Every structure is written in structure tokens, then in C-alpha cells.
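I opened this model to look up its sheet, its salt bridges and a few single residues. My notes follow in the order I took them.

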Amino acid sequence: MEVISSSNSLLPKFHNMTYLELGAMPNDGWKLLPELLENSPYLGTLVFEKGLRDENWYYPLDWNPPQNVPSCLLSHLKVIEIRFFEGEREEWEMVQYFLCNAKVLEKVHMHYSDERDCTIQITQRH
């Protein structure tokens, strides 16, 4: 396992990970998401089990899009599922980032907490 070092964390390289389900994260945990995605080059499915909020269900997310698009978004990430989606501005900003940068993305499925569902199906990329 290759270990990647950054100024604030040590994350291994997850060469074999194709499916990732994230639970509730502390607000500062969102800062690690870009590095986690970059270290998971073959990730095909990403599930946010507890939504896009911090562990206390507060906004705003402490997440800034990375300057460089993680490699899994360019070549492998096809499905994103977000549970407990509320439709808040911060959530839509993250969805927009994925829609604009995940080049092989096929589907984003959002489960609202009031039991509504919304699926964005991407049929053709140019």
C-alpha cells in the first residue's frame, strides 16, 4: 500500500477500491474528500450515506473543490448516491462540481429526507 503524505494527513492509495460509502463526517473531515478521491483512482461508485452535512447535521460544509480534478472523476466515477439530501445551496454546489468534472458520470441519485427521490441521468458527454 502506497502512502501519500500531505501537510495535514496521511492517506493510503486505494488502488482496488471501486465502491465507497461515506457515513457522517466531522465538518473538518470534508477537507479530506478531495485527497480521498485522488487516492482512489478506480472509484466507480460514491455513496454519501448520511448526506452532505457534518456529523451534527449543520451547514455550511467545510469543503472546497480541489484545484485539480481527482483522477477517478476523469476516468471511473459513474454513480453518485446522496442520501438525506435537503436541497441546500451547499449540497447543490457539490453536486454541480461532480456534474461538471466527473467525465464518465452516468447517474447522480439523491434521496431527500422527506422520501422524495431525484435522479439525474447523464446520457451523452461531448
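I began with pairing: two strands pair if DSSP finds at least two bridges between them. Helices (H or I, at least four residues) and strands (E, at least two) are DSSP runs, numbered from the N terminus. The model is predicted, so I kept its limits in view: local features need pLDDT of at least 70, side-chain atom pairs count only at pLDDT 80 or more, and totals for chains, interfaces and linings use all residues. Residues are numbered from 1 along each chain as its sequence is written, and side-chain values use heavy atoms, with hydrogens and water left out.

I found an open sheet of 5 strands, in the order 3-4-5-6-7, with mixed pairing. Which strands stand at the edges? Strand 3 and strand 7 (117-121) do; each has a single partner strand, so one side of each is left without a neighbour in the sheet. Axes here are lines fitted to C-alpha atoms, for helices over the stretch in contact, and angles run from 0 to 180 degrees between N-to-C directions.

I then looked at one pair. Strand 3 and strand 4 run parallel and are joined by 4 bridges. Glu21 stands opposite Val47 in strand 4.

**Helix 3**

I asked which strands helix 3 lies across.

I checked its accessibility, where buried means under 20% relative accessible area, exposed over 50%, and partly exposed in between (1.4 Å probe, protein chains only). Glu91 is buried, at 0%. What does its side chain reach? It reaches the backbone nitrogen of Glu88, at 2.7 Å.

**Salt bridges**

I counted 5 salt bridges, taking a side-chain nitrogen of Lys or Arg within 4 Å of a carboxyl oxygen of Asp or Glu. One of them joins Glu49 to Arg83, with the closest N and O atoms 1.9 Å apart. Glu49 lies in the loop between strand 4 and helix 2 and Arg83 in strand 5, so the pair ties together parts that are 34 residues apart in sequence.

Arg83 also forms a salt bridge with Glu81, at 2.9 Å between the closest N and O atoms. Glu81 is buried, with 19% relative accessibility. I logged Glu49, Glu81 and Arg83 as linked in a network of salt bridges.

Another salt bridge joins Glu90 and Arg89, the closest N and O atoms being 3.3 Å apart. Are these two buried or exposed? Glu90 counts as buried at 15%, whereas Arg89 counts as exposed at 55%.

**Cysteines**

I looked for disulfides (cysteine sulfur atoms within 2.5 Å). The count is 0. Cys72 is buried at 0% relative accessible area. Cys100 is partly exposed at 45%.

**Two loops**

Last, I looked up Arg53, in the loop between strand 4 (45-48) and helix 2 (71-75). Arg53 is buried at 8% relative accessibility. Ala24 sits in the loop between strand 3 (19-22) and helix 1 (33-38). Ala24 is partly exposed at 47%. How far apart are Arg53 and Ala24 in space? I read 7.6 Å, C-alpha to C-alpha, for residues that are 29 apart in sequence.

Conventions:
A polar contact is a pair of N or O atoms within 3.5 Å; within protein, one must be able to donate a hydrogen and the other to accept it, and residues adjacent in sequence count only if both atoms are side-chain atoms. Contact means heavy atoms within 4.5 Å.
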